[in-house]
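Subject: Structure handover

Hi there,

Here is the structure I promised to pass on. Have a look at it first, and then read on for what turned up in it.

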Amino acid sequence: MTRPSLLDAIAAAQAALPAESRRSLRIARPIGGARVVIEGRELIDVASNDYLGLAFDPGVRAALADAARDQAGARASHLLGGHHPEHAALEAELAAWLGYPRVLLFSTGYMAAIGALSALLSRFDLALQDRLNHACLLDGARLAGAKLRRYAHGDVSAAAAALGREPDRRALLITDSVFSMDGDIAPLCELAELARAENAPLMVDEAHAIGVLGPQGRGACAAAGLRAEHVPVLMLTFGKAFGVSGAAIACSAAIADALLHGARSFIYTTALPPAIAAAIRAAMRRIIAGDDLRAHLADRIAQFRAGATELGLPLLPSTTAIQPFMLGDSRAALDASRRLAERGVYCPAIRPPTVPHGQARLRLSLSAALCESDVEQLLAALAATLKTDIRGP
Ligand SMILES: *Cc1c(COP(=O)(O)O)cnc(C)c1O
C-alpha cells in the first residue's frame, strides 16, 4: 500500500504547530457580575460578549426554565414539524420591533450567514465585503461560489471602485456593523447610499450591535436612521447582548421565501429548542426597556477610555464595548494575557488567523455587568502589565 497516511499527516501537522499558534480549551465557569472562575481563581471577565449581562438576568433565565418544563428539544427541522408557536411568536415580535416584513430564525449566527449567502448568491454574482468582516460572511460567499471581493476596511470609495469594475454583475454589498475584533462601526449611511446608487443591496451583520446600539437597542443601522428599504438583509445574533443563543435574518417576504427554499443551514437542521426562543423573547423585552443597561455600559466605556488615556495606554478609535490593545506578535499577546490573569483579569489573546498577521491583540469587551470599581481594577491591571509592550494603534 503506497497511499500516504491521512492520520499521520494530521498528527504531523499538529506536532509542527509552533507554541504561539497552539489553541486549547480552558474550562471557564462564569458566575455572573462579570466574574469567571478559571482553574479555581475568580477573575474579572472581559472576554465574553454578554454586553448587557443578560445571560444572568433572572427574567431571561426564568423564561428559559419555564418553557423548558414543557419541552426540551424542537424534535424536527422548522419545515418538518419543528416550527413551534414560540418560534413563530419570536419571529413576529422581532419583525415588528425591527420594522421588517419577515424574520427567519437560525440556530447560530454562523449558520445564518452561510445559509443566507449561499441561498441569495450564485456563482455569477459578486459578494463585496469589508476586509474585516466576520469569518462566517466570507465562508458564506465561498460556499455560494460567488465572486468574493474584499475592500479595504471601512473604505467606501474602495467598495465603489470594486462595484464600478463590475457594472454588469449582480452584487450584494456585505458588512459587519460593529467589527468584532476592532470595535469600530462601518460607515453604514455611506454604504447604504453606494448600495442604492449601484443597485447592489446591502446586508449588515449586527452581531455586536443588536441590543447595544440604537433606539431600544435596535442596532447600528437603526442608530444611523437606516430602515428595511436601505438594508434589505439584516442579520442578528442572540448569543451576545441577548445572552442566549441563536440568530435571525430580517428581510422582505421574497427574501425570506428564498431562504426557506435555499438556505441549507436552515432546511437541514433541527430548529432551536422552543425554550431558547422563549428566552430570546424575554431578553428582547429586557432590551427594549434597557436604556438603563445601555447607559450603564456607556458609562463604563467612557470611564475605561478616560482612564486608559490618562494612563497613556494607546486606545483604538472604538466607541463601542469592544476595546482592543494591539500587541503585534502572538507571543507578546499571549504573554500579556497571562500576566493580566495573574492580576485578576481574564482576557484571552486574539491571534492570527482570527486577526490579520502581525495584529495579535488583547480584545477587551466591556459589559454593563461591570461596576465602577471593576473598571478601576481593570485599568490598574492593564497599566501594570501592558504599559511597556503595547504598541500604538
Ligand atoms: C459572533 C459573530 C457571529 C456568529 O454568531 P454565532 O451566533 O456566535 O454563531 C457572526 N458575525 C459576527 C460579526 C460575530 O461577531
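A word on terms before the strands: two strands count as paired if DSSP finds at least two bridges between them. Please also keep in mind that this is a predicted model.

With that in hand, let's begin at β9. Strand β8 (residues 202–205) and β9 run parallel and are joined by three bridges, so this pair meets the requirement of at least two. Within that pairing, valine 204 has leucine 234 of β9 as its bridge partner. On to the next neighbour: β9 also pairs with strand β10 (residues 247–251), here in the antiparallel sense and over four bridges. Leucine 234 turns up again in this pairing, standing opposite alanine 250 in β10.

How covered is β9 itself? Mostly: five of its five residues are buried. Side chains in a regular strand alternate between the two faces of the sheet. In β9, Val233, Met235 and Thr237 point one way, while Leu234 and Leu236 point the other way, and all are buried.

Now to the ligand, which I expect you will want to open up yourself. Its surroundings consist of 13 residues, and the closest are Gly109, Tyr110, Asp205, His208 and Lys240. By class, that shell is made up of four nonpolar, six polar and three charged residues.

- A ligand nitrogen atom is 2.5 Å from an N or O atom in the side chain of aspartate 205.
- A ligand oxygen atom is 2.6 Å from an N or O atom in the side chain of lysine 240.
- A ligand oxygen atom is 2.7 Å from a polar backbone atom of glycine 109.

Taken alone, the ligand exposes 380 Å², and the protein buries 82% of that. Which elements give two or more residues to the shell around the ligand? They are α4 (109–120) and our strand from above, β9 (233–237).

Is serine 77 buried or exposed? Its relative accessible area is 11%, so serine 77 is buried, since the cut-off is under 20%. Leaving aside neighbours within four places in sequence, serine 77 is in contact with Gly82, His83, Ile267, Thr269, Thr270 and Ala271. As for arginine 363, 286 residues from serine 77 along the chain, the two C-alpha atoms are separated by 36 Å.

Best wishes

Definitions and conventions: Residues are numbered from 1 along each chain as its sequence is written. This is a predicted model: local features need pLDDT of at least 70, side-chain atom pairs count only at pLDDT 80 or more; totals for chains, interfaces and linings use all residues. Side-chain values use heavy atoms; hydrogens and water are left out. A residue is near a molecule or strand if one of its heavy atoms lies within 4 Å of it. A polar contact is a pair of N or O atoms within 3.5 Å; within protein, one must be able to donate a hydrogen and the other to accept it, and residues adjacent in sequence count only if both atoms are side-chain atoms. Accessible areas come from the Shrake-Rupley method with a 1.4 Å probe; for residues, only the protein chains shown count as cover. Ala, Val, Leu, Ile, Met, Phe, Trp, Tyr, Cys and Pro count as nonpolar, Asp, Glu, Lys and Arg as charged, and the others, Gly among them, as polar. Buried means under 20% relative accessible area, exposed over 50%, partly exposed in between (1.4 Å probe, protein chains only). Contact means heavy atoms within 4.5 Å.
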